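Here is a short tour for anyone meeting this structure for the first time. Take a look at the picture, then read on.

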Protein chains: 2
Amino acid sequence: MTMMFGAAAALVAKHKPTLEKAAAAAQARGYWSLYPEHLKAYGETAREDGEAAFRAHLGKPFALDVPGAAGTVGDEAGAFGVELGITYPKPDIDAVLAAAGAALPAWRRASPDERAAVCVEILERLNRRTPELTFAVMHTTGQAFMMAFQAGGPHAQDRGLEAVTYGWMAQTQVPAGDVTWEKPQGKNPPLVMKKRWHVSPRGVAVVIGCATFPTWNGYPGLFASLVTGNPVVVKPHPQAVLPLAISVAVAREVLAEAGFDPNLVILAADSAAEPIARDLCTRPQVKIIDFTGSTAFGDWLEDNCRQAQVYTEKAGVNFVVIDSTDDFKGMVRNMAFTLSLYSGQMCTTTQNIFIPKDGIDTEDGRKSFDEVAQALAAGVDKFLSDPARAVEVLGAVQNPATAARVDEARGLGTVLLDSRSVDHPYLPGARVRTPLMLAVDKAAAETYCRECFGPVSFLIACDDTADCLATARRTAMEHGAITAGLYSTRPEVVEAAVEACLDAQVALSVNLTGGVFVNQTAAFSDFHATGGNPAANASLTDLAFVANRFRFVGVRMPG
Amino acid sequence: MTMMFGAAAALVAKHKPTLEKAAAAAQARGYWSLYPEHLKAYGETAREDGEAAFRAHLGKPFALDVPGAAGTVGDEAGAFGVELGITYPKPDIDAVLAAAGAALPAWRRASPDERAAVCVEILERLNRRTPELTFAVMHTTGQAFMMAFQAGGPHAQDRGLEAVTYGWMAQTQVPAGDVTWEKPQGKNPPLVMKKRWHVSPRGVAVVIGCATFPTWNGYPGLFASLVTGNPVVVKPHPQAVLPLAISVAVAREVLAEAGFDPNLVILAADSAAEPIARDLCTRPQVKIIDFTGSTAFGDWLEDNCRQAQVYTEKAGVNFVVIDSTDDFKGMVRNMAFTLSLYSGQMCTTTQNIFIPKDGIDTEDGRKSFDEVAQALAAGVDKFLSDPARAVEVLGAVQNPATAARVDEARGLGTVLLDSRSVDHPYLPGARVRTPLMLAVDKAAAETYCRECFGPVSFLIACDDTADCLATARRTAMEHGAITAGLYSTRPEVVEAAVEACLDAQVALSVNLTGGVFVNQTAAFSDFHATGGNPAANASLTDLAFVANRFRFVGVRMPG
């Protein structure tokens, strides 16, 4: 016990200044980031070291304690054609939940400061493993190297820290120690009570990872639950296990060193052939679930796991409305990047581009719908004309079904830009596709009102700007959206777009023509999703994301 | 528009210091109250004035604008035998929801400071109406005068202010105005964005009032939703309309004076014969529901109103465990008051009293289970021996079904103290019942594992203290509890009880022998319910209660 106290106290001393800075940053919402996003911060040979560490995992069992494990699972195909061949312990759900539950009381007894400090230490160790995580993310998700490095490493770690920070703030909304309550009684002595509020976590939490952003989408739920006292079972997507397996291993190592039960974070890997998520998530011990993935399974979790708080990020139909611009080239360049990045496999990628049928005003005068559409298509085509550069933006298509969906989508409208395969210069097995852009009729709502996940976008002619906004608003309200964009030089249109986005509860980016893109958000500043439309029922990360993962239990006695 | 801005701005100037004090108090959680709980603060003739104002309502239509109303409803019986005979406009649900929805955008556009200041002004006006509200609460609920005054007036207003305060804090977790985000780009110029976070309320909120605490249980949801930008439809219990009708009228008056649409708060009264709650609450426009009442209807709302955030307070089986005491008389006196107050019709009243079958240690030596049970029964009996005093503690039984339940409960165990009717000295029609206390076998779980609402308590002999705690813990986890009590002189038992209550997520009061009672909580200090067991899915009031009633919508553009 002395040792445990010593280790946890040392981590509090080490990390509390960071937590205080992070809390101030979260409240200020300007630019703030703890983990460097330039490669050289990770050493001169970061790339080579990371690749070597990644390759050392290949074809071997991943060494990790999983309570009650018997046998192995693992069939990660590798989006760049590098088959991973890694096996992971096959979990026994009863044993996993029992071990997680047994770890809870001592973790609950730790202070919010201690739990937060342990979490920040885990993130610091994850940050050190960034080069290795980069290649794990890259090869499982198909993200190109630089994106896998940034989004899978420091940006994911920043989002994790953001969740720790909000969880810490939510717990420290009450005083940490005893409080004296003294109520005057006129001439009589006051009533005096000694009171204390204990944080009681909800129970075992489950994080269901996704195949495209296992760390970036996984860390917020993992750390939000852990910092608020809940043991966490991490169930990765069968095609993207390695990044979360490494993350779980790091978390267990830190927890044990700090004197806590490593079973506070457990890996529960499965395979597509034998999925375990339904069985796991419906267990009565599971009180919190974080999920990123399909609307079908997200809805299923919401409907069937009523014993748990369920936080879901699902599909949506992100949009951009183009009303007018004074930087047409900048707009085209900016949108070309957005549509190309990770071949449209971001939950924030624009799908629907609404344009008035009579065209738009630009700095070069009026441009017709067709001119705008052609310019956007040409912009994407030109941006991806050099294959060596193209693959570093596009990455690979994670799932063969996504590639098939692109092929099928050709028939959905008039092809403005066809999708093509690109040969990867140094990873010959990579499945690389360029964006497909289609003009579709506004009447074809069944086409653009569902998410066509992957590098597919629809350009839709509307009656006028008001009709663009009304249609976009309705699609977002009914089918969800995580991002919205607007190009307009007219203040009254900007105001109308803000109102539409307040109705649809979707974040809005206006007139992006430079180095900020509608599909990118910054931790500690932009919220990711609002939680107010069908694309997600929660936001990363605000107080609502953390405040209901634990409950306060007050204990009072005469003082 | 200038006028509106002026009125709202003036309210901000007037009330922001109060909000700041309230926020500091909520975080400190010591004693703090804004609204005086001594009668004389409301004038020398407060009681007479209040009664006169109440009686002026009787037998008349209550004047209130309700959109689309046609006809009237109203059949409040009056728990003290004073039939109210007041009618209220009969709402048209379509028109009510349309009017509430139309009021939303301008209210959303107001700042969090403005909304909070308007809410504090409403509470200030309600506070001035305390004498009238006292009699409205008294005669609808059956609370005795002093309780109706305190719990229905200042304590309810404090809880309302607490909800306003937390809602204001949750909204001000982000900066109010524009933020400049500036990301360094090495040697290149930084990326600069101007960002703003708008509060977007979820939509129309419904508050479903209860018959026993229409204001105390109604205000938190009402003000939590209103302060976060949501229009609120107030659907009172058909037997306790008047207190909420007055409250709605006051809110509408203040809203209109401040330049906002009074339809931000609408009364939707109904009758037992033609209830409207199911129809109202399942409408797609309804995005938030606050409910206090039966488990059956609370569960129905949770299951059937999936389009809404549903906050419920339902039934539970509150308990006290008696292990030992060094103030046996104080314990008996304290528990006698708890069991008697408002004849057990508080959601916080103790129902189950677990005592080791071999008895307990006291300052006078060992006392057997029977001695403890008899002493508690005698304590209650003695406390209520003077009818004039008894009725001022017991009040009246609100619902005839509760009185019938007491009669039926006699057969559930061995009668330790029988319930009797008491003649009210000056309200001859009052339905007054003293507590029924029964010894029941630990094996009779079906008896004590459901709430027997009203003045009925069960004394249950367990094997020992550990068994008492284990049984109490299990009943609270499975059937819910809002309050827990413990009497023990042994620190290790207190520690075990704290652990049990952390598991069951129920607030614990230890060794209450003086003027603080297990069934009473203080706003800004004690949380009411934890939201972590079947008795309630939310707590009054913490950040979790408010943070998900709105969403942040970020708008960013190049800076």
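## Surface and charge

Chain A has an accessible surface of about 18800 Å², and carbon and sulfur atoms own 53% of that. Keep in mind as you read that this is a predicted model.

What about charges? Chain A carries 49 positive side chains and 61 negative ones. The centres of those two sets sit 8 Å apart.

## Overall build

Let's step back to the whole chain. Chain A is made with 19 helices and 19 strands. If you follow its C-alpha trace along the principal axes, chain A spans about 80 × 70 × 45 Å.

How does the radius of gyration of chain A fit with a compact globule? A compact globule of 559 residues would come out near 24 Å, and chain A has 25 Å, so the two agree. Of those 559 residues, 63% count as buried. Looking at contacts in chain A with a separation of 6 or more, 76% are between residues 24 or more positions apart.

## A pair of strands

Now zoom in on strand 8 (residues 286-292) and strand 9 of chain A. The two run parallel and are joined by 5 bridges. At one spot you can find A:T292 standing opposite A:E313, the latter in strand 9.

## A proline in a loop

Next stop: A:P214. You'll find A:P214 in the loop between strand 5 (204-208) and helix 8 (219-227) of chain A. Is A:P214 buried or exposed? A:P214 has a relative accessible area of 0%, and buried means under 20%, so A:P214 counts as buried.

Which residues does A:P214 touch, leaving aside those up to four places away in sequence? They are A:T141, A:A240, A:P243 and A:L244. As for A:W107, that residue is 107 residues from A:P214 in sequence, and the C-alpha to C-alpha distance between them is 25 Å.

Most residues other than glycine have a negative phi, and most peptide bonds are trans.

With that in mind, look at the bond joining A:L540 and A:T541: this peptide bond is cis, with omega at about -15°. A:T541 belongs to the loop between strand 18 (507-510) and helix 19 (543-546) of chain A. Chain B has a cis bond too, running from B:L540 to B:T541, with omega near -15°. There, B:T541 is in the loop between strand 18 (507-510) and helix 19 (543-546) of chain B.

## Two residues with positive phi

A:R29 is not a glycine, yet its phi is positive, near 60°. Where does A:R29 lie? Look in the loop between helix 1 (2-28) and helix 2 (46-57) of chain A. Its relative accessibility is 0%, so A:R29 counts as buried.

A:F524 is another residue to check: its phi is positive, at about 70°, although A:F524 is not a glycine. A:F524 sits in the loop between strand 18 and helix 19 of chain A. Is A:F524 buried or exposed? With a relative accessible area of 0%, A:F524 is buried.

How values were computed:
Residues numbered from 1 in each chain as written. Chains lettered and ligands numbered in written order. Heavy atoms only, no water. Helix = DSSP H or I, 4+ residues; strand = E, 2+ residues; numbered from the N terminus. Rg over C-alpha atoms; globule rule 2.2 N^0.38 Å. Buried < 20%, exposed > 50% of the residue type's maximum accessible area, 1.4 Å probe, protein only. Contact = heavy atoms within 4.5 Å. Areas by Shrake-Rupley, 256 points an atom, 1.4 Å probe, with all protein chains shown as cover. Lys, Arg positive; Asp, Glu negative; His and termini not counted. Charge placed at Lys NZ, Arg CZ, Asp CG, Glu CD. Pairing = 2+ DSSP bridges.
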